[in-house]
Amino acid sequence: MRIGLVLNSVPNYSETFLINKIRGLQENGHEVIVFAAGKNAILPCKLATPPPVIQSRLWQAWLLVFYLKMLFLKAPKNAIRFFQLEHQSGTPWRQNLENMYLSSHILSKELDWLHFGFGTAAIRKEHTAKAIGAKMAVSFRGSDAYVYPLSHPNCYQKMWRVVDKVHVISKGLQTQLTRLGKPGSLDSEVIYPAVDLTKIPCKTEGRWFSKPEKQRLEILTVARLHWIKGLDQTLKALSMLHAKGLTFSFTIIGAGAELERLSYLTKQYSLNDKVVFKGRCSPEQTLSYYQNADLYIQYSLQEGFGNAVLEAQASGLPCIVSDADGLQENIMDGETGWVVHRQHPEALANKIEEVLSLPHDEVSRIVQNARKRVESTFNIKIQQKAFEDFFTS
Amino acid sequence: MRIAVYSGIIPSTVFIEKLITELAETGHEVYLFGQIKGKKPTYSNKLIKVFPMPGSFWQAVFFIPWYQFQLLVSNPGNFFALKKHIQSQQSGFRKRTRLWAKLILPVLHQPDVFHIQWAKSLADWFFLKELFGVKLAVSLRGSQINISPQIEPETAALYQGLFPRVDGFHAVSHAIAERAIGLGAQKERIQVIYSAQKTRELIRLNTTKEPCRLISVGRFHWVKGYSLALEAVKHLKDAGVSLHYTIVGKGKQEEILLQIQLLGLQDCVSLQAEKPHTEVLQLMAESDIMVLPSYEEGIANVVLEAMSMGLPVVSSNCGGMQEAITDGETGFLFESGHAQELASKIQLCYSQNPEIKAAMVKKAQEHIRNNFSESAFKSGFSRFYTQMADTN
């Protein structure tokens with residue numbers, strides 16, 4: 001089969017789950033083509049880039065005419081079908097042409113499946129799949145279901161009518177899609193993210209919990225510096241522990257717009273010498289941070305699933321997470337880690353204290369459970385098989 | 001005197017536009033340099049002159065020769081001095097053209113004072129002082145002074161290098177003036193000039209008790225502390241207080257929207273997008289308490305407005321807010337960052353005896369009338385510019 005994968009931008013080096021997915025499909029004999037903006041640095045397949053969107057209205061109009069002319073030369077039938085479909089659904093003609101322009105890199109291709117990697121990637125391209133005679137699938141991962149619809153209510157109404165298959169990365173997301181108006185008749189399939197355990201070394205000994213002398217506790221969070229990750233609340237919880245005399249250091253791996261706020265709060269809470277913002281790190285570097293930390297925290301307000309928490313568990317790192325939708329499935333409270341109510345920094349602080357007071361045996365039991373569960377449930381082979389079935393069944 | 005107000009764009013933010021019109025009323029010529037964003041504004045006061053900088057590269061290519069010609073004819077010395085400066089700053093035709101576009105108009109029109117509204121752009125304009133003897137003034141306001149130097153060592157270093165050489169600082173509050181002194185500004189060159197408030201009618205205070213209507217006005221940005229306010233509203237709601245909280249502001253509401261959902265406050269919080277000023281005042285007049293949960297402020301204009309119209313205020317004690325409010329006398333202050341304390345101050349303010357409340361808002365209004373008057377603002381600025389002209 002020929003499968004087209006539509007993304008907002010070319011996956012960067014750290015988005016291994018996409019690369020894994022592409023490899024998995026190729027190994028099963030499918031041809032994959034990625035539609036995304038950017039340069040092809042690491043993709044194991046072909047790439048088609050979308051037409052440019054620019055500031056100047058005049059030049060934009062010129063580009064629109066140019067690209068549509070090319071499209072009509074290459075695939076006139078698809079273009080006409082696209083126009084008709086949009087027209088039937090009541091799109092004004094000008095927006096119709098704009099939408100056609102935005103999809104012009106896809107409309108000239110022949111595919112069996114058109115798979116949108118994020119819900120937001122499919123907006124304004126709802127009719128593209130049908131126009132080229134392909135089936136349409138959409139993946140939802142987190143911010144496309146939890147953040148974007150907050151300020152764009154009903155953004156997926158048009159999509160629900162045309163999509164053939166929906167993939168979500170957790171059951172929590174499934175429920176969220178129902179809240180966003182997904183009809184019950186439309187199936188959505190949960191395929192959990194996965195990690196390649198052969199690439200992640202597991203360290204069970206030598207962490208804080210196993211040492212007789214309890215020295216500085218190394219706490220780690222891997223997250224974009226985005227407000228949804230609840231890092232302000234994590235800092236607040238840590239400031240409470242600091243006041244109680246706990247010796248720790250807190251490392252945050254990730255970059256983003258919240259750096260100013262978080263740096264400011266760090267200073268307000270007098271945690272300057274305890275909190276380190278590492279910025280963006282390569283996957284290898286990140287793995288070494290998992291190895292050297294003692295405790296992993298993911299106190300997000302909302303989370304589709306939380307891939308970093310999987311990697312942390314695979315590395316043998318004890319994890320405390322919030323009860324955000326996806327995290328509740330990622331960690332089983334008291335079995336493979338600990339789950340705390342979100343937006344309760346005090347509860348998080350108490351939980352950290354509680355975990356630190358646990359006997360070493362108990363902690364290592366949980367850590368081993370976690371690694372075992374990752375191996376059995378979030379295994380990359382299972383994921384690749386599931387994706388194969390997703391398109392063929 | 002000819003005073004240039006520079007904020008990068010025309011029209012600028014609400015308070016800078018207010019400064020512009022009020023400066024012109026003091027009888028100074030006001031020159032505006034900057035790129036036109038949106039519609040070019042028209043000013044009724046003829047003392048205000050707008051000089052749009054070329055926005056795009058091609059506009060620059062088109063207009064610059066004409067400006068260069070004017071400068072060359074009127075003052076060849078300045079032309080060659082500017083040319084040399086630009087050549088030393090940038091290389092390459094494109095980059096130099098952009099720089100010409102930015103710098104040539106202020107050199108051509110030679111104001112006596114170049115008043116920079118945002119401190120971070122200070123470095124770009126020192127050549128005006130060094131090459132052409134134009135006095136440099138900087139306004140101290142907002143997060144560029146309150147926050148950036150605290151958390152960005154490079155910004156603090158930039159300010160520490162430049163502030164000692166600035167001719168005059170306009171500070172919106174004493175608190176922010178102190179910050180600038182800490183960054184190397186000379187105390188005697190700083191003038192604290194409070195923003196001017198119109199005299200307003202006292203609004204009628206709510207006599208029917210429920211629900212308590214809270215309002216906050218200001219852009220959706222973390223520094224405004226709306227998350228804290230929501231936390232406080234949650235505390236109050238759980239304690240059985242009947243209330244409604246409205247936030248009016250521009251910017252992305254997503255974070256606050258999600259928090260409202262997670263805290264289950266959909267029924268008692270509403271968000272509104274930016275509105276014309278008169279509509280905002282109307283909303284304020286229909287409220288019971290203004291809440292300012294900010295982490296940092298120079299001095300919040302909305303609070304001054306609320307006080308001038310007799311709306312009780314609960315504010316964080318950040319920045320210059322203590323210069324506007326005395327806790328328990330002209331309003332309420334809570335320690336910035338503490339949601340629980342904010343909640344109890346709101347409750348305290350709300351449950352106050354009506355007579356005491358009436359006395360408090362009256363006192364607040366008097367405080368504004370005495371300290372934030374238009375006459376004090378005008379004389380403050382006149383003094384500011386004349387003193388600066390006298391410094392060497």
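**Contacts, burial and crossing**

Author: Chain A puts 14 residues into the contact and chain B puts in 13 residues. This is a predicted model, where local features need pLDDT of at least 70, side-chain atom pairs count only at pLDDT 80 or more, and totals for chains, interfaces and linings use all residues. Residues are numbered from 1 along each chain as its sequence is written, with chains lettered from A and ligands numbered from 1 in the order written.

Reader: What makes two residues count as in contact?

Author: Their C-beta atoms, placed from the backbone, lie within 7 Å.

Reader: Which element gives the most to the side of chain A that touches chain B?

Author: α12(A), with six residues. Elements giving two or more residues to that side are α8 (148–151) and α12 (259–268) of chain A. Helices here are DSSP runs (H or I, at least four residues).

Reader: Why are α1(A) and α18(A) called oblique?

Author: The axes of α1 (residues 16–27) and α18 (residues 380–392) of chain A come within 9 Å and cross at roughly 60°. Angles under 35 degrees count as roughly parallel, over 145 as roughly antiparallel, 65 to 115 as roughly perpendicular and the rest as oblique. Therefore α1(A) is oblique to α18(A).

Reader: Which residues of α1(A) make the contact?

Author: A:Asn20, A:Lys21, A:Gly24 and A:Leu25. From α18(A) come A:Ile380, A:Gln384, A:Phe387 and A:Glu388.

Reader: Which residues of α4(A) are buried?

Author: In α4 (residues 93–102) of chain A, A:Asn99, A:Met100 and A:Tyr101 are buried. Buried means 20 or more other C-beta atoms within 10 Å of a residue's own; 12 or fewer is exposed, in between partly exposed.

Technical notes: Axes fitted to C-alpha atoms, helices over the stretch in contact; angles between N-to-C directions.
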